[in-house]
Amino acid sequence: MSSDIIFTDAVEAKEVKTTCPYCGVGCGIKATIANNQIISVKGDTSHPANLGRLCVKGSSLSETQGQNERILNPTVNGKKTSWDIATSHVADKFQEIINEHGPESIAFYLSGQLLTEDYYVANKLMKGFIGSSHVDTNSRLCMASASAAHKRAFGEDLVPGCYEDLEKTDVIFMVGSNAAYAHPIVYQRIIKAQKNNPQLKLVVIDPRATATSDTADLHIALKPGTDAYYYNGLLMYLADNDKLNSDFIAQNTQGFEKALNTARTQLNDITAVAVACDIELSTLIESYQLFANNKKVVTMFSQGINQSSTGVDKGNALINCHLATGKIGYEGAGPFSITGQPNAMGGREVGGLSTQIAAHLHYEDPGAIDLVERFWQAPNMTTKQGYKAVDMFQAIDEGKIKAIWIMATNPVVSMPNANFVKQALKKCDLVVVNECFENTDTVKCADVVFPATTWGEKYGTVTNSERRITLQKPLLTPPGQAKHDWDIICNVAKKLGFEEAFNYQHQSDIFREHAGLSGFENTYSGYKAEEISDKPETPQGVSRFFDISAYANITKSEYEAFKPIQWPVNKQHPTGVARLFTDNIFNHESGKANIISVLGQLPKKAPKADQLIMNTGRIRDQWHTMTRTGRTAKLMSHADEPFIQIHPQDAKRFNIADKQIAQLNNLDATFLGRVQYTEQQRIGEIFTPIHWNDNFSAAAKVSALVNPITDAICGQPEFKHSPVKISPFNAVWSGCLITYKTLKVDTDYWTKIRASNSIKYILSDTGSLPTDEMFLKALLPDIDDWVVMKDDKSESIRIAGFQDNKLLCFFNASTNLNEKYSTKFIEENINQTQSIQTRFKLLAGIDSDAEDIGAIVCSCFQIGENSIKASIAAGSCNTVEELGKQLKCGTNCGSCIPELKAYFT
Amino acid sequence: MFSSSTSKAQCKPSLVIVGNGMATGRLLDEIITRSPKRYTITVIGEEAQGSYNRILLSTVLAKETHYENIIQKTPQWYQDNDITFISSTRVTDIDRSTKTLTTETYHNDNFSDISRAQLQYDELVLAVGSRAATIPAKNQNIEGIFSFRNIRDTQNIESFSKNHKNAVVIGGGLLGLEAAYGLASTGVTVTLIHRNKWLLNRQLDLVAGDMLKKVMAEKNITFVLGEEVVRFDQLMNANNKASLSGIELTSGEYRKADIAIIATGITPNSELGDCCGLEVDKAIVVNDYMQTSDKHISALGECCQHKKSTFGLVDPIWKQCESLAIRLTSLHLQKFKNAPVATKLKVSGVQLFSAGIVESSEKTQTFTLCDNNARVYRKLIIENNIIVGIVLFGDVSSGMDYFELMQNKTPVKMHMPELLLGAEYMLDEKIETENKVA
């Protein structure tokens, strides 16, 4: 028999390289696949973003796979249907609305989790063919400020630096960034850099103390929203202490004098800055010195700065200081905006925002509209900016937008004033949603649902925070009738009559066209004069640095072998570019960067006396609205309930008890969360996580309390600062319910937690403690075998539900709100068969080390069969009397003696 | 007391024990283990056999075991221990001044051949037990109505039920339940009548009583609760004798029945003490050392009364035997303390444990556990942080631990409710879940 015959149908496991679906770091991973299952996931040592490392979310990706709760078929008005009928329905309705109300009544709301190819066809369809510029994305909620600040400063939305700069610098400033939780691998690289280079200094600027500030050399817990005052102060400090780079200012920037004078009008000296920012003067100066006295400084900034009503100004105030000292364009120096989502950058490259046309081309750039119109041969080219996210849903509410197509995002949970968004969608004539998982809050508002592929099935390119494009490859075959987003969009596009312009057969066709557009009539002056010889003398076109025209003729096989590379990638830079502005040339007419005059402004809505400022943000183990990370127990162990972090003094003022539930209110929306006293919180400010929503908790849609205040320039909402009311949640009882499936629980407070092989609900209610199993019977009608332990003063109750002796439900509640207990033992016993005699002991909730003595034979002395058999087996008892001496059985009333005798025959 | 040191070989003092039930059996064991040679011992018993285990009579009735297996003292045993056992004999008179008894011995079943005798005693012990309590029903002296106290009753019931298969048992206490279980096991259809709202109402509460009813109903015993028998109906049987045919209840309901067992409790036999002038109340009154009002006469078991209590359960009676044996065989004394006692029972295979109060009140907090399918019910009643009542049905684990906590008045509230599941959960502090959010 030859050795290659094997007797198993198991398939050779193969390894596929792709990227992680979560944050903007964009780590490369190697997935081992067999029989359409992800066996394991490891970090890809060859990928430059993470060099083999993975955070806890990335490494537990295989646990989040699985077909349950996936949308498998297109549905129209709740009824399953075919792709043909569903896409025709959408196309016809779009056409009907266009004919009646014009193309401007159609809107698309995209996501930083779409791949670049999905983004491109969506953007092209709307801005060139349907003729509506109302295409915005959830990146509006995280990156709009940074993108606008880059455009104002550099003339284009460009992130100059790369991750390597963090390892090759003297000082790292982290502003409004809790990278330890939000960008764990970048954070791990910083920690490693600190170890390798003890001189490296880390300064964290964040009102809140976080896991990131714990490892900082200097933590500046400034007053919320005063970042612009801090950086204007730094600009003044640099000028007053002769730390400027006057040559760089003269040759490569404009607007410095005006910006410095504007700053001085608001802050006459450094002590004024310390007062404005509410920080110690000595700390302020120490941080200024670190920036001023070191050649290599990287300033990493994230949502703390972006999600603000003056996010763009704050971004520019920060960039001004790098420009004023020339700390940009070389290794280890420069401002570094780190993106939230895995492909927010891809979206910005494609121009999938209502404020751009495409590929870094803007309506206000002369000739840009005409350029794109010709490239696309667009029949209905748009000519002006569209609605930004918050305005878009306002326009829906006002009936200006009649149809919206939402892809790969959950606005009913993540948008500010989220409950308003829900009502707006209910009024909209047509809501179309591309989604992979059932019953997200947004899917529940949809008229048409298209089943989309999710990570591990999608195939296309993503760009991470350091402009590195990587190909995300499919690992599994899509379930049911799920299709790629670009495929769905092209289907509808063809049905709208744009057959020829959307006839793509493969992702590479789209990527090739996207690359082509980036190079089409690109007159970027930064290229050395002699290199652009093939460009016509009188440069006709628009200058933009984003240029991946090296791929304008990429073949399918070259695309499939695509290696991670930082753009631009063109004739001049065939192998990509690590850092931009190494030649100090920027993309303004003048070739110079703009130093923007900025006046510090506090957040729009100041808190009233009885309010606290609510700051929102991420936690380490969850992603966005938990649609994927909520599926595995491991990621719930770090934090499993929505919480409110509050300073003990504020808690005392509003009589909020630690470890109990408290209530936040704003915009007649409510948030219920577990209170955590922490000194890490500034007085007057509280912190809540963004991840919980109606699927996981009673009232935890934190963004429903966020005022729809946005940055006038870029439309990014002020997520980091919402004045709210706080009040105690007067719980009468609290407890937990552990069972084998999801239930529709309706106590005042509940949170669903995925446990190892069961589902656990943490419950609390202001009504009276249940006195029997009736309310559980309603939730679990198929159980009628109940064990109940309670007391007649209704202080505590424990209930276990069985079916054929299998534990299917365990409920434990008490009016003692501080009662602590571990539920691990119960979680492991769900679905396990129990012995009928001892199953009631489960209600202790913990394992009992009591020895099982077996059925009782002698009642007087509680002697069980097992003990009797053991003594006889040990040979120490041959008669009933000896047994009596050793175990006492039969020596009192003697009525068990006949039974004892039986053991000897 | 007679002097123990004698010059010449004087014959030993004579100890006479009247009644040969379980108490006498235990008392003899206690005396023999201490000083077997001290007395010449004579035991006078009404029944033919040596003392036997009355609790097992129901298993004999149920044919789970035989009479000889429940005999605790065989004739051979008496011989081996030089004890004279005068069986089938009653004591009819005691002359305390001359310390002599008058006995009547029956040589056949119908009491036609009787012989009398006199017997001297130095120390006399009355252990004549009790008899079945009577019930105020009409027309009781007809054939087919039995009590269930001893071997003869059991034999009579056994033979009569061979051709009378429709039984009624009156009394829902332990004895009634045991009788009903015994009869039902042999295929007789049994109806049990009980005055109170639930069975074993002094040991169980409503829920546990109801559970016990369900368990016994599976042995096809039907129950009529909250009712009493007011009249026995009769018919003339083959040999022209009035024999039971049915019963009439307080509700007026009539039920057919051809055999009845009355097991509504016991009445102490105090007549013997009464007729010789001993102090008698509900039973023969004894002091802390089991002495009656005559210091040479003692009494114990179901016929004696100590302070205000009479006795029906084994535990306190065993303590009485110990106290009496110590007084009779040594110079020191040990008081009999009638401490509260836990009732440990096994009724038709179901374990029960009960102590202290059974019903909650305003002042108490009651913790209950109920597993209907497993037929397990456990209850602890707490007052001022100590256990004042225990009811365990189906699973009696930790019963003695709770009883000890109750007697020692140990504070238990902080261990509730887990303690109710077993003493093994008492020691663990509630596990602190670590503070989850970093």
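In this predicted model, A:Val788 stands opposite B:Cys370 in strand E23 of chain B. Strand E30 (residues 785–791) of chain A and E23(B) pair in the antiparallel sense over five bridges; strands are DSSP runs of E with at least two residues, helices are runs of H or I with at least four, both numbered from the N terminus, and two strands pair if DSSP finds at least two bridges between them. The predictor gives the complex an ipTM of 0.80 and a pTM of 0.80.

Residues are numbered from 1 along each chain as its sequence is written, while chains are lettered from A and ligands numbered from 1 in the order in which they are written. Because the model is predicted, local features need pLDDT of at least 70 and side-chain atom pairs count only at pLDDT 80 or more, whereas totals for chains, interfaces and linings use all residues.

**Contact between the chains**

- Chain B puts 41 residues into the contact and chain A 39 residues, two residues being in contact if their C-beta atoms, placed from the backbone, lie within 7 Å.
- On the side of chain B that touches chain A, the elements giving two or more residues are strand E21 (343–347), strand E23 (365–371) and helix H10 (399–407).
- E23(B) gives the most to this side, with seven residues.
- By class, this side of chain B has 18 nonpolar, 13 polar and ten charged residues; Ala, Val, Leu, Ile, Met, Phe, Trp, Tyr, Cys and Pro count as nonpolar, Asp, Glu, Lys and Arg as charged, and the others, Gly among them, as polar.

**Nonpolar core**

- The largest nonpolar core has 393 residues; such a core is a set of buried Ala, Val, Leu, Ile, Met, Phe, Trp, Tyr and Cys residues joined through C-beta atoms within 7 Å.
- Helix H9 (residues 227–240) of chain A supplies the largest share of this core, nine residues.
- B:Leu27, B:Leu126, B:Ala180 and B:Ala260 have the most contacts inside the core.
- B:Ala180 touches B:Val169, B:Val190, B:Leu192, B:Met216 and B:Ile221, leaving aside residues up to four places away in sequence.

**Chain A overall**

- Chain A holds 29 helices and 34 strands.
- Its C-alpha atoms fill a box of roughly 115 × 70 × 65 Å along the principal axes.
- Buried residues make up 57% of the 905 residues in chain A; a residue is buried if 20 or more other C-beta atoms, placed from the backbone, lie within 10 Å of its own, exposed if 12 or fewer, and partly exposed in between.
- Of the contacts in chain A between residues at least 6 apart in sequence, 71% join residues at least 24 apart.

**Strand E12 of chain A**

- Five of the five residues of E12(A) (residues 297–301) are buried.
- Both faces are covered, with A:Val297, A:Thr299 and A:Phe301 on one side and A:Val298 and A:Met300 on the other.
- Strand E8 (residues 171–175) of chain A runs parallel to E12(A) and is joined to it by five bridges, with A:Met174 opposite A:Met300.
- Strand E13 (residues 334–337) of chain A also pairs with E12(A) in the parallel sense, over four bridges, and here A:Met300 stands opposite A:Phe336.

**Backbone geometry**

- A cis peptide bond with omega of about 0° joins A:Trp567 and A:Pro568; A:Pro568 is in the loop between strand E19 (565–566) and strand E20 (593–594) of chain A.
- The peptide bond from B:Met416 to B:Pro417 is also cis, with omega near -5°, and B:Pro417 is found in the segment after H10 of chain B.
- A:Asn77, a residue other than glycine, has a positive phi near 50° and lies in the loop between strand E4 (75–76) and strand E5 (79–80) of chain A.
- A:Asn77 counts as exposed because it has 10 other C-beta atoms within 10 Å.
- Phi of B:Leu200 is likewise positive, near 45°, and B:Leu200 lies in the loop between strand E11 (189–194) and helix H7 (206–217) of chain B.
- B:Leu200 is buried, with 24 other C-beta atoms within 10 Å.

**Confidence in chain B**

- The mean pLDDT of chain B is 90, and 95% of its residues reach 70 or more; pLDDT is the predictor's confidence in each residue, from 0 to 100.
- Over residues 1–9 of chain B pLDDT stays under 50, and the model has two contacts beyond four places in sequence for them.
- Residues 428–438 of chain B also stay under 50, with 16 such contacts.
- Where pLDDT is low, the predicted coordinates should not be read in detail.
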